[in-house]
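Let's take a walk through this model together, one selection after another. Keep your viewer open and follow along.

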Amino acid sequence: GSLGRGRCESVFEPRNNAPVRQTEMRSARVAVLRFLHEVRAPSAEANLRRLQRRGENLDTIVLRDASLGDVPEVARVHVAAFRSAHRGRGPSESIRAAQWESKFRNATPETFCLVAELEGRGLIGFVHCHAADFRDYQGQLEKIYLLREYRRVGIGRRLICAAAARLLSAEMKSMMLFSQAENPACYFFEALGGQRIVNERGEFHGAFGWPDLTVLADHCKSS
């Protein structure tokens, strides 16, 4: 889809130029580290070869609603995917499990979590959405995580497309998400037509929006 720009409230309000420079330097360092990490990540071809050697068939992947019984597996995927992107750092599975149990038990009717389940492997990814906290959008993609060896082979796209379809079925016709400007996934969101949301000073901090989810839904159907 075509790219555009939205507007959002300011994310960072520095009091003088020094915090601006310090923040920019930190962001630049993080961006370099994440870029180098992503360069070392397995390619789509490498991941496909690895899955074939293990006898795993991506055609057996099922997307379904998560339930309370999926909490341990969702936590496992969350921890593994998060740590692979943050050089091994991040909360433990027990902490994540407690967080997800609370989310599931206190979910609103607009909240849902879709999991990607591979035959013989269990859960390999998930997407979590709810009503948006931002006034210009109706739905919000809060989290999307996928195990490292299953990235770049179309599963993340399937999860986002399924999330868009679910939001549309609930009469939520727009979607947004908060990421980080240095996150390599920004290219993925843009490839799916996500528009960069900037603040009042024109700064981009990693948020993306789909003002019309039917455009994304049509893209999902045609490709």
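**The whole chain**

Start with everything shown as a cartoon. You are looking at a predicted model. Its secondary structure comes to seven helices and eight strands. Of the 223 residues of the protein, 41% count as buried.

**Helix H4**

Now select residues 93-105, which make up helix H4. These 13 residues reach 18 Å from the first C-alpha to the last, close to the 18 Å expected at 1.5 Å a residue. Show the side chains of Arg96, Trp100 and Phe104, which are buried in H4. They lie on the same side of the helix because they cover an arc of only 70° around its axis.

**Aromatic rings**

Next, select the aromatic side chains. A search of the whole structure finds eight aromatic pairs. In one of them, tryptophan 100 and phenylalanine 104 have ring centres 5.8 Å apart and planes at 70°, so this pair is edge-to-face. These two residues are four apart in helix H4, which means that about one helical turn separates them. Both tryptophan 100 and phenylalanine 104 are buried.

For another pair, jump to phenylalanine 188 and phenylalanine 189: their ring centres are 5.7 Å apart with planes at 45°, so this pair is tilted. Phenylalanine 188 counts as partly exposed, because its relative accessibility is 29%. Phenylalanine 189, with a relative accessible area of 5%, is buried.

Phe82, Trp100, Phe104, Phe126 and Tyr145 form one aromatic cluster.

**Charges over rings**

The charged end of lysine 103 sits over the ring of tryptophan 100, 5.8 Å from the ring centre. Then select arginine 196 and phenylalanine 204. Here arginine 196 lies over the face of phenylalanine 204, at 4.3 Å from the ring centre.

**Aspartate 70**

Is aspartate 70 buried or exposed? Select it in the loop between strand S2 (62-65) and helix H3 (71-85). Aspartate 70 counts as buried, because its relative accessibility is 10%. Its side chain makes a polar contact with the side chain of arginine 64, at 2.9 Å. Neighbours within four places in sequence aside, aspartate 70 is in contact with Arg64, Asp65 and Leu123.

**Valine 62**

For the last stop, move to valine 62 in strand S2. With a relative accessibility of 43%, valine 62 counts as partly exposed. Which residues is valine 62 in contact with, leaving aside its neighbours within four places in sequence? They are Val115, Ala116 and Glu117. Draw a C-alpha to C-alpha line from valine 62 to valine 115: the two are 8.0 Å apart in space, though 53 residues apart in sequence.

Notes
Residues numbered from 1 in each chain as written. Predicted model: local features only at pLDDT ≥ 70, side-chain atom pairs only at ≥ 80, totals over all residues. Heavy atoms only, no water. Buried < 20%, exposed > 50% of the residue type's maximum accessible area, 1.4 Å probe, protein only. Polar contact = N/O pair within 3.5 Å; in protein donor to acceptor, adjacent residues only side chain to side chain. Contact = heavy atoms within 4.5 Å. Expected span 1.5 Å × (residues − 1). Arc of directions from axis to C-beta. Phe/Tyr/Trp six-rings, centres within 6.5 Å; stacked < 30°, edge-to-face > 60°. Lys NZ or Arg CZ within 6 Å of the ring centre and 35° of its normal.
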